[in-house]
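Hi,

Here is the structure I promised to pass on. Have a look at it first, and my notes on the helix packing follow below.

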Amino acid sequence: MIMSDDKQKENEERIVKSIAVLQSVSDSNVTPRNIRKIVKESMVMLQDNTLSQGVRAANAISMLDEISQDPNMPSYARVTIWNAVSTLESVREVV
């Protein structure tokens, strides 16, 4: 029981860290509007406490992976999104 609580805290910290990283992309005026919109939607997804941490992370990764292929994305935004995705990939379901 204690181990799962620690794992849940670690997962939540990773999600919060990813949201902070994504916030910088969504706040940038250089980032195209369609990309900012999807980044904001992924941030909302990460904050949806009705879903488990693993599902929230997986859904956000899916959304972010799709837009990271956009040729109009500035390279700094792509690298920042990859950083957030990398952090989210370490979020695992607590059994």
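Helix α3 (residues 53–67) and helix α4 (residues 75–89) have axes that come within 10 Å and cross at roughly 155°. Helices here are DSSP runs of H or I with at least four residues, numbered from the N terminus; axes are lines fitted to C-alpha atoms over the stretch in contact, with angles from 0 to 180 degrees between N-to-C directions. The two helices, α3 and α4, are therefore roughly antiparallel (angles over 145 degrees count as such). Their crossing is left-handed, meaning that the near helix is turned anticlockwise from the far one by less than a right angle. On the α3 side, A57, A60, I61, L64 and I67 meet I81, V85, L88 and E89 of α4, where contact means heavy atoms within 4.5 Å.

Before going on, two notes on the source. This is a predicted model, in which local features need pLDDT of at least 70 and side-chain atom pairs count only at pLDDT 80 or more, while totals for chains, interfaces and linings use all residues. Residues are numbered from 1 along each chain as its sequence is written, and side-chain values use heavy atoms, leaving out hydrogens and water.

Helix α3 also packs against α2: these axes come within 8 Å and cross at roughly 170°. That makes α2 roughly antiparallel to α3. In this contact, α2 supplies I35, I38, V39, E41, S42, M45 and L46, and α3 supplies R56, A57, N59, A60, M63, L64 and I67.

Now for α2 itself (residues 33–46). Its 14 residues reach 20 Å from first C-alpha to last, close to the 20 Å expected at 1.5 Å a residue (1.5 Å times one less than the number of residues). I35, R36, V39, S42, M43 and L46 are buried in α2, with buried meaning under 20% relative accessible area and exposed over 50% (1.4 Å probe, protein chains only). Seen down the axis, the buried residues of α2 fall within an arc of 125°, so they line one face of the helix; the arc is taken over the directions from the helix axis to the C-beta atoms. R33, K37 and V44 are exposed on the other side of α2.

Back in α4, the buried residues are A77, R78, T80, I81, A84, V85, T87 and L88. One of them, T87, counts as buried at 12% relative accessibility. Apart from neighbours within four places in sequence, T87 is in contact with R14, K17 and S18.

Best wishes

Key. Parallel < 35°, antiparallel > 145°, perpendicular 65-115°, else oblique.
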